[in-house]
Amino acid sequence: MSDTPTDAEFQALPPALRQLAVRGIARSYRKDVVLIEEGSVGDNLYVILSGSLRAYSSDARGREITYGVYGPGEYVGEMSLDGGPRSASVITEEASRLVMVTRASLLTHISEHPEFAFELLTKVIRRARAATLSTKQLALNDVYGRLRSLVEDLTIDGRHLALTHQGMAQRLGCSREMVSKLVKDLELGGYLRRVAAGEYQRLKNLPARW
């Protein structure tokens with residue numbers, strides 16, 4: 001069901017997105033809803049009010065690589081606003097509430113608020129850099145090296161690693177079985193401790209090589 005965002009939802013957005021979001025339609029989505037399919041043609045941008053979205057690609061065997069996970073105050077879909085095919089798929093990682101903004105509405109917004117074009121350009125550049133880094137890691141690091149980087153990135157300041165083995169595999173571009181073996185070895189080595197289903201505590205820094 002579509003509606004307009006509430007005042008509280010608007011206030012939670014960064015100032016640069018509030019004026020854009022008012023031009024769209026809000027809608028609630030269940031977990032695991034594919035919003036964007038790679039290769040399809042579309043011109044909608046999604047502003048995230050709550051929940052999280054994951055951008056990914058998959059091959060014919062069903063293996064996936066995750067490009068990024070995005071939460072409240074961010075947006076996805078900007079890469080196809082040139083009219084070209086979608087470069088990645090986007091799925092809801094959890095129940096989410098989003099504002100869908102059409103390309104026509106975005107262009108109107110930019111004409112009235114030209115400064116937003118720089119915000120959009122900056123976002124595209126940052127995500128292109130992130131994609132370049134991800135590709136570089138896939139090319140130069142083995143699976144363990146990528147897992148080590150993922151664990152370090154997601155356990156800063158004592159945070160737990162909250163990902164299932166399948167979720168890790170999607171981030172790393174490898175099989176779930178490979179992740180399960182590595183995580184089990186790290187548990188036996190005293191580097192990780194399972195504290196709940198899909199949640200691990202890092203007990204000490206992981207070795208550079210395994």
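Predicted model: local features only at pLDDT ≥ 70, side-chain atom pairs only at ≥ 80, totals over all residues.
**Rings and charges**

A search of the whole structure turns up 1 aromatic pair. Its members are Tyr75 and Phe116, with 6.4 Å centre to centre and 40° between the planes, a tilted arrangement. The label follows from the angle, because planes under 30 degrees apart count as stacked and those over 60 as edge-to-face, with the rest as tilted. Tyr75 belongs to strand S7 (residues 75-76) and Phe116 to helix H4 (residues 115-140), so the pair ties together parts that are 41 residues apart in sequence. Both Tyr75 and Phe116 are buried.

Tyr75 also has a charge over its ring: the charged end of Lys123 sits there, 5.2 Å from the ring centre. At Tyr56, the charged end of Arg54 sits over the ring, at 4.7 Å from its centre.

**Two loop residues**

Ser40 is found in the loop between strand S3 (34-36) and strand S4 (44-50). Gly62 is found in the loop between strand S5 (53-58) and strand S6 (64-70). The table sets out the accessibility of each, together with one C-alpha to C-alpha distance.

Leaving aside residues up to four places away in sequence, Ser40 touches Gly84, Pro85 and Arg86.

**Helix H5**

Helix H5 (residues 143-154) has 12 residues, which at 1.5 Å a residue should span 16 Å. The C-alpha atoms at its ends are 17 Å apart, which agrees with that expectation. The expected figure uses one less than the number of residues, because the span is taken as 1.5 Å times that count. Buried residues in H5 are Val143, Tyr144, Gly145, Arg146, Leu147, Ser149, Leu150 and Val151.

**The second largest pocket**

The second largest pocket holds about 420 Å³ of space. Its lining is made up of 18 residues, and Glu93, Ala162, Leu163, Thr164 and Arg171 are the ones that lie nearest its centre. Helix H6 (residues 165-172) gives the largest share of this lining, with 4 residues.

Technical notes:
Residues numbered from 1 in each chain as written. Heavy atoms only, no water. Phe/Tyr/Trp six-rings, centres within 6.5 Å; stacked < 30°, edge-to-face > 60°. Buried < 20%, exposed > 50% of the residue type's maximum accessible area, 1.4 Å probe, protein only. Lys NZ or Arg CZ within 6 Å of the ring centre and 35° of its normal. Contact = heavy atoms within 4.5 Å. 1 Å grid on protein atoms, 1.4 Å probe; cavity = no way out; pocket = protein on both sides within 12 Å on 5 of 7 lines; lining within 4 Å. Points joined across faces, edges and corners; volume = space filled by probe spheres on them.
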